[in-house]
Amino acid sequence: MKKTLIAFIALLAMAPPAFSETRVGVSMAQMDDVFLSRLRGYISERVKTHPELTVQYEDAQGAVDKQLTQVQSFINQKVSVIIVNPVDTQGTKNISEAARTAKIPLIYLNRKPGDSTLGNGISYTGSDEIEAGRLQMQYLAEKVKDKKEVNVAIMKGLLSNDATRFRTQGAKEVIAQHPNMHVVVEDTAKWMREDGMNLMNNWILSGRKIDILSSNADEMAIGAAMALKSNGIKIGKDILVGGTDGGPNGLQSIKSGLLSVTVFQDAKSQAYQAVDMAASVAKGEKVEDEVMIPFRLVTPENYQKFMQ
């Protein structure tokens, strides 16, 4: 018995060290959002290439205080890295301070914090939202350059998101360069298809003449386009409809003629980058404070490339 025990201890001493687990806490702003759902799926996909990582997901359900509580819980659990897709880009200060105090690396994903300073343990990966608005409106403006008067409606996402503010800003910068174009109405549809449909129905019932609908996101644009179609308004002839995100729904809508244009936001690259950054900082490696993923224009002429 004694010899057996000695042999067993010797085997343990010769065995390779136990696998080291790196725990990552991920708080998503709202998991029922179509784009954010895709983002989470790509996070899970990328984690498979990093076997040392295990991920715990939490849904903030659109509540700032709930998200802060989730981050504090991650800190109490002593996770190695925290990834946050913020509910409110102007409500991240307490999240950043909590992570810094705990000395846990924090990576903001997709929505850039507006009230937190990057660096010193805090990073961001996403895209230049102003460029999305510019790309979309430049394409639409070219389509109506020969018209005398062009009425533009802007359908906004959640007002608490910088993506809403900056995509709208980018679109307006282009509109300002064209004397024939004027914003006649703008309102929020909260990133949601049903809200986009309802808002467009309200605009139609008001009798407002709209030549271009510039939407901050595809889902709102698709809802608006469905309302237009049900009212006998022809997309491409009576009105142009622009979206942003370029996900499967948006691409299919370009194919079917429901959308005139969209702007591809690379959810896969954003998610992959966040996971790779998490793996690196967990090892003590230095990562960039900010990594930007380019937007790309999607039109009826090139949408098939994005569908592949």
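## Close-up views of a predicted model

**Figure 1. Strands S6 and S7 pair in parallel.** Seven bridges join strand S6 (residues 150-156) to S7, and the two run in the parallel sense.

**Figure 2. S6 and S7 belong to an open sheet of four strands.** The strand order is S7-S6-S8-S9, with parallel pairing. Which strands stand at the edges? They are S7 (181-188) and S9 (240-242). Each has a single partner strand, so one side of each is left without a neighbour in the sheet. Neighbouring strands of this sheet are turned by 20° against each other on average, direction ignored.

**Figure 3. Helices H5 and H7 lie across the strands of this sheet.** Helix H5 (residues 129-143) lies across S6, S7, strand S8 (212-215) and S9. Its angle to S8 is about 175°. Helix H7 (residues 193-205) lies across S6, S7 and S8. Relative to S6, H7 runs at about 150°.

**Figure 4. The largest nonpolar core holds 30 residues.** Seven of its members touch the most other members: Met155, Met200, Trp203, Leu213, Ile235, Ile239 and Val241. Two or more residues come from each of S6, H7, helix H8 (218-230), helix H9 (248-256) and helix H11 (303-307). Which element gives the most to this core? H8 does, with seven residues.

**Figure 5. Trp203 has contacts beyond its sequence neighbours.** Neighbours within four places in sequence are left aside here. The contacts of Trp203 are then Ala153, Ile154, Met155, Val185, Glu186, Asp187, Arg208, Ile210 and Leu213. Apart from the core that includes Trp203 lies another core, of 28 residues. Ile83, Ala271, Val281 and Ile293 are among the residues of that other core.

**Figure 6. Strand S1 is largely enclosed by the rest of the structure.** Six of the seven residues of S1 (residues 22-28) are buried, so the strand is largely enclosed. Seven bridges join S1 to strand S2 (residues 53-59), and the two run parallel. Val26 stands opposite Tyr57 in S2. From S1 the chain crosses through helix H2 (residues 34-47) to S2. This β-α-β crossover is right-handed. S1 also pairs with strand S3 (residues 81-84), in the parallel sense, over four bridges.

**Figure 7. Ser27 sits in strand S1.** Is Ser27 buried or exposed? Its relative accessible area is 0%, and the cut-off for buried is under 20%, so Ser27 is buried. In S3, Val84 is the bridge partner of Ser27. The side chains of Ser27 and Gln67 are joined by a polar contact of 3.1 Å. Neighbours within four places in sequence aside, Ser27 is in contact with Glu58, Ala60, Gln67, Gln70, Phe74, Ile83, Val84 and Asn85.

**Figure 8. The whole chain gives the setting for the close-ups.** The protein has eleven helices and twelve strands. Its C-alpha atoms fill a box of roughly 95 × 40 × 30 Å, taken along the principal axes. Of the 308 residues, 50% are buried. Among contacts between residues at least 6 apart in sequence, 74% join residues at least 24 apart.

Terms used:
Residues are numbered from 1 along each chain as its sequence is written. This is a predicted model: local features need pLDDT of at least 70, side-chain atom pairs count only at pLDDT 80 or more; totals for chains, interfaces and linings use all residues. Side-chain values use heavy atoms; hydrogens and water are left out. Buried means under 20% relative accessible area, exposed over 50%, partly exposed in between (1.4 Å probe, protein chains only). Two strands pair if DSSP finds at least two bridges between them. A crossover is right-handed if, with the strands pointing away from the viewer, the path from the first strand over the helix to the second runs clockwise. A polar contact is a pair of N or O atoms within 3.5 Å; within protein, one must be able to donate a hydrogen and the other to accept it, and residues adjacent in sequence count only if both atoms are side-chain atoms. Contact means heavy atoms within 4.5 Å. Axes are lines fitted to C-alpha atoms, for helices over the stretch in contact, and angles run from 0 to 180 degrees between N-to-C directions. A nonpolar core is a set of buried Ala, Val, Leu, Ile, Met, Phe, Trp, Tyr and Cys residues joined through side-chain atoms within 4.5 Å.
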